[in-house]
Amino acid sequence: MKRALILFAAAVTAAAAAAPEPSRAPAPGIWTLDVEFNMPRQITLKTGEQTQRYWYIILTLTNNTGEDVDFYPDFELMTDTWKLYPSDTGITKPVYEKIKLINQGRYPFLQTLDETKDKILQGDDNKIDLLAVWKDFDKKAKNIKLFFAGLSNETEVVTIPQKDGEDRKFILQKTLCLEYLLPGDPRKRAAQKLEFVDKSWVMR
C-alpha cells in the first residue's frame, strides 16, 4: 500500500511539473482563499511508556472572494526522501487538546480538520484558524514540503502517457506549497527547527 502511494505521488508530481502554473488572472468563478500561516512547530506527548513526537502548523483562512465557498481541505507533508504523510492521520484527541492549550492565547477558536464546516463564509468576521498535525516523519529528511489543497477551486486536467500505451488523465488542483529545510543532527530531533524556504501556489 505504501509503495503504491509513493508511486502515485510521484506520478502526480510528474503531472504537476508538466502542467501550467496557476493562472495569474483567474477566469470568472475561480476563487482562492487568503492564507496566513505560522512556522511549523513540534511537540511531544507521552502515553504510558511511549513518547510520540508531532509537528503542526496553523493556517488562518479568510474568504474575500465575494461569495461563500465550499471547503474540502486535503493536507499532506512530503519529504525529500519521497515519503508522503497525509495530515491528521492517527492523531488522538489529547494531541489536539495539548496544541490548543499551548496556542489558546493567540488562537482561542482553533479548529481541527474534523471540526471545520463544508463552507467558509465571506469576510474577516468568518475567518478560521485551522490546525494541521503530522506524526514525526522520516529522520533522514533534510527538506519537507507541506501541500494544502482545498484553498482554491482552480483545476487543470493533464494527460500522462503510460507504458501500456493508454494515456492517464489527472485532475490537478491549485495547491499551496510551503517548503522548509530541516538542518542539524537528525539524532537530536528535539533540537531541530525548520527553516522557511519558499511559499508558492502549484498545480498538483
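R204 forms a salt bridge with E76, the closest N and O atoms being 2.8 Å apart. A salt bridge here is a side-chain nitrogen of Lys or Arg within 4 Å of a carboxyl oxygen of Asp or Glu. R204 lies in the segment after β12 and E76 in strand β5 (residues 74–79), so the contact ties together parts 128 residues apart in sequence. The structure holds eight salt bridges.

The model is predicted; local features need pLDDT of at least 70, side-chain atom pairs count only at pLDDT 80 or more, and totals for chains, interfaces and linings use all residues. Residues are numbered from 1 along each chain as its sequence is written, and side-chain values use heavy atoms, with hydrogens and water left out.

Strand β11 (residues 168–181) runs antiparallel to β9 (residues 143–149), joined by six bridges. Strands are DSSP runs (E, at least two residues), numbered from the N terminus. Two strands pair if DSSP finds at least two bridges between them. F147 has C177 of β11 as its bridge partner. C177 is in turn partnered by S200 in β12. Eight bridges join β11 to β12 (residues 195–203), again in the antiparallel sense. Strand β10 (residues 155–160) also pairs antiparallel with β11, over six bridges.

Four aromatic pairs are present. Rings of Phe, Tyr and Trp (its six-membered ring) pair if their centres lie within 6.5 Å; planes under 30 degrees apart count as stacked, over 60 as edge-to-face and the rest as tilted. F37 and F196 form a tilted pair, at 6.1 Å centre to centre and 40° between the planes. This pair links distant parts of the chain: F37 belongs to β1 (residues 34–37) and F196 to β12, 159 residues apart.

How values were computed
Helix = DSSP H or I, 4+ residues; strand = E, 2+ residues; numbered from the N terminus.
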